[in-house]
Amino acid sequence: MNALDVTLWVIVPYVSLTVFVLGHVWRYRYDKFGWTTRSSQMYESRLLRIGSPLFHFGILVVALGHIGGLVIPKSWTEALGVSEEAYHLSAIVLGTIAGVCTVAGMAILIYRRRTVGPVFTATTRNDKLMYALLALTILLGLAATVMANIVGGGYDYRTTISPWFRSIFYLQPEGSLMAGAPLLFKLHALSALVLFAVWPFTRLVHMLTAPVGYLTRPYIVYRSREDRAGSQPPRRGWEPIGRP
Amino acid sequence: MTRVMAQLAMVMNLDKCIGCHTCSVTCKQAWTNRAGMEYVWFNNVETRPGQGYPRTYQDQEKWKGGWELGRNGRLRLKAGGRLRKLLTIFANPLMPSINDYYEPWTYDYDRLFSAPVSEDTPVARPRSLITGEPTKIRWSANWDDNLAGAPELAPADPVLRKVSGEVKLEFERAFMFYLPRICEHCLNPSCVASCPSGAMYKRSEDGIVLVDQDRCRGWRMCVTGCPYKKVYFNHRTGKAEKCTFCYPRVEVGIPTVCAETCVGRLRYIGLILYDADRVAEAASVKDEKALLEAQKSVMLDPHDPEVIAAARESGIPEDWLEAAKRSPIHKLIFEYGVALPLHPEYRTMPMVWYIPPLSPVVDVLTNTGHDGEKAGNLFGAIDALRIPIGYLAEIFSAGDPEPVRAVLRRLAAMRSYMRDVNLGRDRDESIAAEVGMTGETIEEMYRLLAIAAYNERYVIPKAHAEQGAKLEELATGCSLDYEGGPGMGGPFGEASGEPAPVAVENFHALKERQDTDVLGRADELRGRVNLLNWDGKGMPDGLFPNRKEES
């Protein structure tokens with residue numbers, strides 16, 4: 001494993017993940033007001049109604065697929081009796097459908113963003129960088145899958161990329177596993193790592209506050225003036241009497 | 001044991017609204033004169049019949065705001081439950097577009113100065129504030145003001161369509177009135193229920209419905225959930241915003257901006273006590289026409305000793321209970337029985353109520369050559385003129401004409417009864433008796449409606465001193481930092497530490513100036529003069545440093 005491999009597959013992932021985690025903590029503490037989807041539906045909804053669900057549902061399936069492929073070890077699925085062929089086939093079919101939906105949705109959304117005047121005006125430089133990275137990552141991912149499986153003879157990333165991915169979280173990084181992966185997979189992983197590093201500073205933060213709690217909370221929320229989340233706690237030395 | 005909660009509520013007397021839009025303008029100046037909120041009017045005044053703002057917002061078959069009863073008889077959001085909300089979160093199909101409100105614009109004022117010399121006078125062309133491009137102004141928040149364009153536009157009024165069998169829009173039979181609208185601060189708010197991130201809440205102290213700007217993620221479901229379309233999306237910040245009932249003002253006991261500046265003095269603000277545990281039950285009454293009575297049954301009588309005991313138990317402070325007893329809102333709804341809610345059929349239990357206008361009836365009657373204020377004529381006309389009644393009933397009582405008729409009869413009785421008083425004739429108790437009132441109550445009601453003294457219109461208890469330290473601006477937590485407290489200034493003398501909150505300083509200085517006949521009593525301000533409140537007259541002590549004692 002040479003220095004480049006160590007940099008790319010050991011150092012960069014840790015830097016990226018650290019920035020991802022600390023960036024979110026920082027953003028949540030100091031920019032709660034900026035934590036929003038910044039929806040542009042008010043300006044245009046005809047294209048959005050096709051593009052946005054296509055993209056979001058697509059990327060959710062893609063994300064689930066990544067969890068299945070990267071996080072769950074091959075030995076587990078094999079213990080369940082799923083053969084490599086069966087896994088591979090389902091991954092390709094599901095992944096390709098979801099990937100195509102995501103790319104199509106993204107294409108519609110980017111087209112909309114560029115051509116609809118008010119939407120384009122509301123697009124910041126930050127958004128443009130985010131779109132570029134996101135699009136690059138998605139396209140590289142789709143390209144890697146297509147090249148390896150449909151054009152090529154298939155590539156079992158579950159023996160190289162997945163263990164590498166898990167090894168990062170075990171804190172025993174095995175960068176050498178990644179060194180031998182096909183170029184497109186490498187580029188996809190690198191691009192994703194860069195995306196994770198800018199993630200907390202873009203509008204993508206909305207993903208982390210996906211409102212799943214809505215399913216279980218009571219409909220009407222009462223809050224007392226006292227426990228208002230936005231009010232600052234008294235400064236040190238200024239706490240009123242009677243507080244433990 | 002009932003769980004008693006307090007609610008700040010408003011009543012508007014529509015007979016007195018002249019449609020001057022002062023409330024809208026002052027509200028806009030105070031709250032929504034910011035980028036991203038150009039199209040937003042927390043307070044707007046609509047001409048009825050008309051399409052309203054946003055256009056046709058009352059058509060709930062289209063917008064699906066508010067609640068409905070499910071097949072199992074339980075309340076559910078008309079736009080769909082939790083799962084459906086999350087599944088449509090990526091593109092809300094029921095979200096109004098900017099064109100349903102209107103495309104805000106400004107003018108190219110610069111051209112008036114920078115245009116080259118020419119034969120023609122330069123003009124300032126309108127420019128869209130959304131696209132920045134030159135635009136053609138096609139609609140606004142009150143485009144159909146005063147029935148402008150009514151033959152074309154009014155037929156699209158969703159309320160009018162419901163009663164269209166009876167209504168003719170011929171010029172000579174036209175009628176209109178103004179409907180000023182703010183957020184209803186509902187007891188059963190469907191916007192709060194629709195918010196996926198739980199950022200919207202009802203304040204448990206005073207029932208004001210607010211959006212926590214730090215928790216709002218811009219999912220836009222509240223805009224859909226509110227049947228009155230009074231939650232707005234700030235397209236610049238990506239957050240929802242709404243009428244705040246001017247909470248920083250009512251917390252210190254002064255009325256909302258819209259009420260304070262109302263030229264017609266038609267707004268009343270006061271407390272209502274209600275039984276929080278019975279709200280859902282009352283909102284689920286099967287018959288829409290029974291919703292008005294159901295909502296009234298949730299509100300409690302502040303004079304009832306049992307209610308007072310329960311309220312104390314629920315932690316409502318004594319002065320709030322006193323304010324609830326003096327509440328003009330309770331009087332108008334219960335003692336005089338003249339206020340009605342806006343669209344009770346949305347099942348949100350709105351808390352901004354209206355006294356429906358009698359004037360269309362009086363006007364029509366006078367135009368036909370009758371004495372428009374004679375009791376007999378008026379009573380007859382209220383029943384005969386089914387046009388306004390049916391229309392008013394669709395707005396204020398879910399289509400049931402009876403409550404509207406009862407209110408209009410009381411208002412008519414008041415007019416006739418008080419005319420006798422003003423003309424020095426004998427008081428005719430029979431007029432009062434005919435509408436189930438006494439002459440005394442009628443005169444009280446007249447005092448509240450016609451004289452409308454400031455301190456009777458607005459009975460607003462202040463937010464509590466012991467809670468006051470936690471109000472937004474007083475985040476230092478030391479309540480002695482202002483108004484003569486020993487904690488004035490920080491540990492290193494005056495001007496160290498946190499500055500006294502501006503709102504508090506101004507409020508006390510202003511009150512001071514209003515109550516005294518001495519110019520700027522500087523000693524109260526500890527050698528400082530608040531120039532914001534200095535009216536330029538005289539030279540108050542403390543404006544300049546004291547001269548050295550000459551001795």
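## Backbone angles in chain B

At 3% relative accessibility, B:Met349 counts as buried, because the cut-off for that word is under 20%. This is a predicted model, and in it B:Met349 has a positive phi of about 55 degrees although it is not a glycine. You will find B:Met349 in the loop between E14 and strand E15 (352-355) of chain B. As background, most residues other than glycine have a negative phi, and most peptide bonds are trans.

B:Ala452 is another residue to look up here, with a positive phi near 50 degrees in a residue other than glycine. B:Ala452 sits in the loop between helix H22 (439-451) and helix H23 (454-457) of chain B, and it is buried, with a relative accessible area of 0%.

## Cis peptide bonds

The loop between E2 and helix H2 (60-63) of chain B holds B:Pro49. The bond that joins B:Arg48 to B:Pro49 is a cis peptide bond, with omega about -5 degrees. B:Pro54 also lies in the loop between E2 and H2 of chain B. For B:Pro54, the peptide bond from B:Tyr53 is cis, and omega is near -10 degrees.

## An open sheet and a hairpin

Chain B has an open sheet of five strands in the order E13-E12-E1-E15-E14, with mixed pairing. At its edges are strand E13 (299-300) and strand E14 (340-341), each of which pairs on one side only. Further in, strand E1 (residues 4-13) of chain B runs antiparallel to strand E12 (residues 267-275), and nine bridges join the two. To find your way along this pair, look for B:Leu8, which stands opposite B:Leu271 in E12(B). In general, strands of a sheet pair through backbone hydrogen bonds, either parallel or antiparallel.

Now for the hairpin: E10(B) and E11(B) form it with four residues between them. In the turn, B:Gly238 has a positive phi of about 70 degrees. E10(B) and strand E11 (residues 239-242) pair in the antiparallel sense over four bridges, and B:Asn234 stands opposite B:Lys239 in E11(B). Are the residues of strand E10 (residues 231-234) of chain B buried on one face or on both? Both faces are covered: B:Val231 and B:Phe233 are buried on one side, and B:Tyr232 and B:Asn234 are buried on the other.

## Salt bridges

Within chain B, B:Glu46 forms a salt bridge with B:Arg181, and their closest N and O atoms are 2.7 Å apart. B:Glu46 belongs to strand E2 (residues 44-48) and B:Arg181 to strand E7 (residues 177-181), so this pair ties together parts that are 135 residues apart in sequence. B:Glu46 is buried at 3% relative accessibility, and B:Arg181 is buried at 0%. The side chains of B:Asp206 and B:Arg203 also meet in a salt bridge, at 2.8 Å from N to O, and both residues are buried. Over in chain A, a network of salt bridges links A:Lys74, A:Glu84, A:Asp156 and A:Arg158.

## Surface patches

A nonpolar patch on the surface is formed by A:Phe57, A:Leu60, A:Leu215, B:Leu83 and B:Leu87, with about 470 Å² of accessible area together. Helix H2 (46-71) of chain A and helix H3 (82-87) of chain B are the elements that give two or more residues to this patch. A:Leu215 comes from the loop between helix H9 (183-198) and E1 of chain A, and it is partly exposed, with a relative accessible area of 40%.

Chain B also has a negative surface patch, formed by B:Asp301, B:Glu335, B:Glu429, B:Glu440 and B:Glu444. B:Asp301 is in the loop between E13 and helix H14 (305-313) of chain B and is partly exposed, at 35% relative accessible area.

Key
Residues numbered from 1 in each chain as written. Chains lettered and ligands numbered in written order. Predicted model: local features only at pLDDT ≥ 70, side-chain atom pairs only at ≥ 80, totals over all residues. Heavy atoms only, no water. Pairing = 2+ DSSP bridges. Patch = residues over 30% accessible without salt bridge, like charges linked within 9 Å, V, L, I, M, F, W, Y side chains within 5 Å. Areas by Shrake-Rupley, 256 points an atom, 1.4 Å probe, with all protein chains shown as cover. Salt bridge = Lys/Arg side-chain N within 4 Å of Asp/Glu carboxyl O. Lys, Arg positive; Asp, Glu negative; His and termini not counted. Charge placed at Lys NZ, Arg CZ, Asp CG, Glu CD. Buried < 20%, exposed > 50% of the residue type's maximum accessible area, 1.4 Å probe, protein only.
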